[in-house]
Every structure is written in C-alpha cells, then in structure tokens.
Amino acid sequence: MTILEGDYFRIGTAPDCDLPFDIQKNPEVSRYHCEVVLEGADFWVAPAPGCKVWLNFEEITAKTKLQNGDMLFLGTPLGAGLRFIVKIEERRAKACDERDAGGEEDESDGCQPQLMAATEP
C-alpha cells in the first residue's frame, strides 16, 4: 500500500508521477492519466483530457469526489486498478476536533487527512 501525503498527486506511467504504473504491464495507462487533489477535507479525482477513468465501474469525465474505499480503474473498466482509503488517525482526529472547536486553524498541525492507495493486482 502506498501512503500519499500532500494535496496533489499525479497518477500515470511517467516516472515523475506520485503513483507511477509500469507502462509494460499497463499499456492502457497514459503518462499523466489523472490527478487527485485535496480540497478542504475531501479528495477529488480528475481525468486528464482524453484519458478514460472509471470510478466504482462508472466512467467519469470530470472532477469527481472520492469516498473512502472507492475503486479507480485507468484505461478500461477493469484496467489498472487502485483502491483509495482516506484516513485520519484516531488520535489526530480527536486533536483536530478539539482544535476546530476552539476556532483555530493551522495547516501544519497534522490535521490534514492522508490518502492511501493500494494497487490491485
């Protein structure tokens, strides 16, 4: 499982992608196939122009919100697959709730959710 931290991730076969796929094993995946962005507390997936992306077996053509446990397929409905798990550790979640109750916001305090992506065989 790959843990991605930050607010922007590129997925594709290019070596500089945050989650790179092997072009030999996944010829249906483009160099920069899609991106995942964090906006507020939500992750969104956006296909690159001309790239086919399926979210839970439904093709998407525009930026779409990711839910915990979503399956993402690239290129074909059963192509290179990813399962997304959005996680905030319990102890961090409690600290973030306490912070939010006090009306303070600090992006560096570790309250940002983590995105974990498990590639499917």
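The model is a predicted one, in which local features need pLDDT of at least 70 and side-chain atom pairs count only at pLDDT 80 or more, while totals for chains, interfaces and linings use all residues. Residues are numbered from 1 along each chain as its sequence is written, and side-chain values use heavy atoms, with hydrogens and water left out.

By the disulfide rule, the count comes to 0. The closest cysteine sulfur to that of cysteine 34 belongs to cysteine 51 and lies 8.0 Å away, which is too far for a bond. Cysteine 51, for its part, is in no disulfide, the nearest cysteine sulfur being that of cysteine 34. Buried means under 20% relative accessible area, exposed means over 50%, and partly exposed is in between, with a 1.4 Å probe and protein chains only. Cysteine 34 counts as buried because its relative accessible area is 4%, and cysteine 51 is buried with a value of 14%.

Turning to the fold, the protein chain contains 1 helix and 11 strands, where helices (H or I, at least four residues) and strands (E, at least two) are DSSP runs numbered from the N terminus. Read along the sequence, these elements follow the pattern β-β-β-β-β-β-β-β-β-β-α-β. Of the 121 residues in the protein chain, 40% are buried.

What holds the interior together can be described through a nonpolar core, that is, a set of buried Ala, Val, Leu, Ile, Met, Phe, Trp, Tyr and Cys residues joined through side-chain atoms within 4.5 Å. The largest such core has 20 residues, among which Ile11, Val36, Leu72 and Leu74 touch the most other members. At least two residues of this core come from each of the strands E2 (8-12), E4 (34-39), E5 (42-47), E6 (53-55), E9 (71-74) and E10 (80-87). With contact meaning heavy atoms within 4.5 Å, and neighbours within four places in sequence left aside, isoleucine 11 is in contact with residues including Cys34, Val36, Leu74, Leu82 and Phe84.

Threonine 13 is placed in the loop between E2 and strand E3 (19-20), and this residue counts as buried because its relative accessibility is 14%. Not counting residues up to four places away in sequence, threonine 13 touches Phe21, Asp22, Ile23, Asn26, Val29, Ser30 and Arg31.

How values were computed. Disulfide = S-S within 2.5 Å.
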